[in-house]
Amino acid sequence: MTATAVGRSGRIRREKSVLPGFGITLGITIAWLTLIILIPLAGLFLKTATLSFDHFLTIITSTRVLNALKISFGIAFLAALTNIVLGSVVVWALTRYEFPGRRVFDAIVDIPFALPTAVAGIALTALYAENGWLGGLLAQLGIKVAYTPLGIYVALVFIGLPFVVRTVQPVLQDLDGELEEAASSLGASRFQVILRVVVPTLLPALLTGFALAFARAVGEYGSVIFIAGNLPNVSEVAPLLIVIRLEEFRYADATAIAVIMLVASFVLLLIINRLQAWSEAHRRP
Amino acid sequence: MSVADATFLPADARAEAKPAPAPRPVNTEPAAVRYALIGLAVAFLSLFIVLPLVTVFAQALSRGWDVYLAALHETDALHAVYLTLVAAAISLVLNVVFGLCAAWAIAKFEFPGKSVLISFIDLPFSVSPVVAGLVFVLMFGAQGLFGSWFIDNDIKIIFALPGIVLATVFVTFPFVARELIPLMQEQGTAEEEAAISLGAPGFLTFLKVTLPNIKWALLYGVLLSNARAMGEFGAVSVVSGHIRGETNTMPLHIEILYNEYQFAASFAVASLLALLALVTLVLKTVLEHRLAKDHKA
């Protein structure tokens with residue numbers, strides 16, 4: 001019972017906790033993490049290491065692989081950029097203005113999170129195919145979306161939107177209205193206030209949202225493959241090429257592409273962590 | 001607080017609330033800009049988010065209720081539903097146990113390497129689903145690192161339920177832990193320490209003190225984890241082998257029907273998952289209100 005006094009003053013907790021279960025819970029956590037995540041991911045690198053470096057290079061510099069990577073990364077970048085712009089408009093309208101149905105629209109922002117990717121994929125395809133509701137209209141304007149790279153873009157904008165909105169929204173909600181009023185009362189125009197006060201405050205969150213949407217879009221498979229048309233070198237994304245190589249039992253090829261994707265996602269995760277730390281620091285000066 | 005609250009009131013109401021009326025509402029844009037932005041946001045959300053959702057149900061019912069119901073009653077469809085439920089249930093139990101352990105260790109104790117551990121838990125969020133499936137094929141597949149041992153002992157992992165569960169657990173790994181860790185960190189350890197010092201056993205303390213404090217966050221994590229588990233496509237697709245009536249989950253069944261041009265049937269099965277998504281969203285909104293209270297308390 002001597003530990004009681006020590007325990008109650010929470011400050012000393014760091015040195016010796018009276019709470020039980022540290023060893024076993026940390027043990028289970030690390031064991032499960034190692035088994036499910038770390039060993040399988042390490043296995044991917046191990047498998048890659050069995051390839052000769054020349055073989056690896058030949059695979060990843062082949063035209064089809066390079067094009068697939070270019071399509072995945074390039075369109076994901078454009079989609080994330082679109083999400084930043086339109087996502088900001090959505091966040092602004094949802095947090096700053098009152099309009100009928102605001103709460104409903106706020107809730108539906110999460111639909112791309114909740115809707116399974118395969119369902120989103122076939123729905124977008126049906127919608128944008130030439131006999132679909134939107135596809136028919138766009139066809140009259142001479143725009144073809146389904147079965148083209150534009151279709152991939154539409155799918156990636158769809159799945160990336162909630163990442164931007166849900167990252168930026170809390171920051172805009174916390175933004176102190178007095179700052180803006182102070183700037184206005186000192187003579188700044190509304191445009192200057194937005195540019196000099198609002199945007200700098202939101203910037204870390206915007207970048208984090210961009211990185212999250214981009215990371216998700218780069219690896220996206222389910223919502224893309226139905227609408228993409230999957231023409232090699234034109235509308236074939238990297239994850240699909242991994243699946244194709246796997247079905248052809250060309251494991252070396254599948255592994256090499258997967259390693260590139262995995263390293264890219266590690267780098268993105270690192271950037272996202274940095275951005276989030278910056279964003280947090282920014283929010284609580 | 002009052003300033004922050006006031007920001008969200010309409011400018012007129014704020015002016016009224018203040019003793020000295022503001023000369024003019026400085027904090028908003030001209031009406032034209034306001035309507036343009038609202039219009040743009042509503043149009044974008046309607047076109048990009050609502051319309052695809054409506055399409056699912058419209059397509060599912062495009063050939064009438066009979067075709068719709070028949071598509072759901074078909075043996076392969078029923079088996080896909082069954083397999084999806086089983087795989088999700090197993091994954092959820094595993095995620096809850098892991099999530100609680102991870103959150104307890106990370107939130108209630110200090111130890112070196114904690115932030116690295118949290119980053120590792122987040123890892124599956126940024127890995128492509130296809131890569132998540134592939135790593136298990138490379139481990140347990142016929143040509144995999146451990147594949148021959150499992151084949152010799154007649155244990156099927158890839159193209160069978162264990163592989164589907166592994167892939168599902170991988171992609172849903174962070175959900176529960178990610179919800180619990182910040183809340184439990186905020187809540188600190190004082191209540192548990194009081195219980196322990198009064199002589200309560202550790203596990204009882206967890207059940208009676210910690211669990212009531214985190215139950216909404218736990219449910220929230222389970223909800224998100226479940227939505228992802230039942231809907232996972234890429235990772236499961238790689239490990240399942242698409243054996244009809246055996247290793248097809250609902251998303252995979254949707255794909256097969258779609259590729260066979262059975263659009264109405266495909267969308268019928270898809271409508272079940274879309275309904276699940278809608279129910280998830282409603283519950284999520286409800287839980288978020290509860291959670292906001294927990295975080296303030």
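Q: How many residue pairs are in polar contact between domain 1 of chain A and domain 2 of chain A?
A: This is a predicted model, in which local features need pLDDT of at least 70, side-chain atom pairs count only at pLDDT 80 or more, and totals for chains, interfaces and linings use all residues; side-chain values use heavy atoms, with hydrogens and water left out. A polar contact is a pair of N or O atoms within 3.5 Å; within protein, one must be able to donate a hydrogen and the other to accept it, and residues adjacent in sequence count only if both atoms are side-chain atoms. With both residues at pLDDT 80 or more, the count between domain 1 of chain A and domain 2 of chain A is zero.

Q: Which classes of residue make up the side of domain 1 of chain A that touches domain 2 of chain A?
A: Ala, Val, Leu, Ile, Met, Phe, Trp, Tyr, Cys and Pro count as nonpolar, Asp, Glu, Lys and Arg as charged, and the others, Gly among them, as polar. By that scheme, the side of domain 1 of chain A has three nonpolar, one polar and one charged residues.

Q: Which residues of domain 1 of chain A lose the most area to domain 2 of chain A?
A: Five residues of domain 1 are in contact (heavy atoms within 4.5 Å) with seven residues of domain 2. Buried area is the accessible area (1.4 Å probe) that two parts lose on being put together, summed over both; for these domains it is about 580 Å², 90% of it on carbon and sulfur atoms. Together supplying 72% of what the domain 1 side buries, the residues are L44(A), F45(A) and T48(A).

Q: Which residue of chain B forms a salt bridge with D110(A)?
A: A salt bridge is a side-chain nitrogen of Lys or Arg within 4 Å of a carboxyl oxygen of Asp or Glu. The rule finds two across the interface of chain A and chain B. In the one with D110(A), the closest N and O atoms are 2.5 Å apart and the partner is K284(B).

Q: What percentage of helix does the span 193–215 of chain A have?
A: UniProt positions are given in the numbering used here, feature names are shortened, and annotations may be inferred rather than shown by experiment. An unreviewed UniProt entry lists "transmembrane region" for chain A at residues including 107–129 and 193–215. Residues 107–129 of chain A are 78% helix and 0% strand. Residues 193–215 of chain A have end C-alpha atoms 31 Å apart and 0% strand, and their helix content is 100%.

Q: How far apart are the end C-alpha atoms of residues 81–284 of chain B?
A: Residues are numbered from 1 along each chain as its sequence is written, with chains lettered from A and ligands numbered from 1 in the order in which they are written. In an unreviewed entry, UniProt annotates residues 81–284 of chain B as "domain: ABC transmembrane type-1". This span of chain B is 79% helix and 0% strand, and its end C-alpha atoms are separated by 23 Å.

Technical notes: Helix = DSSP H or I, 4+ residues; strand = E, 2+ residues; numbered from the N terminus.
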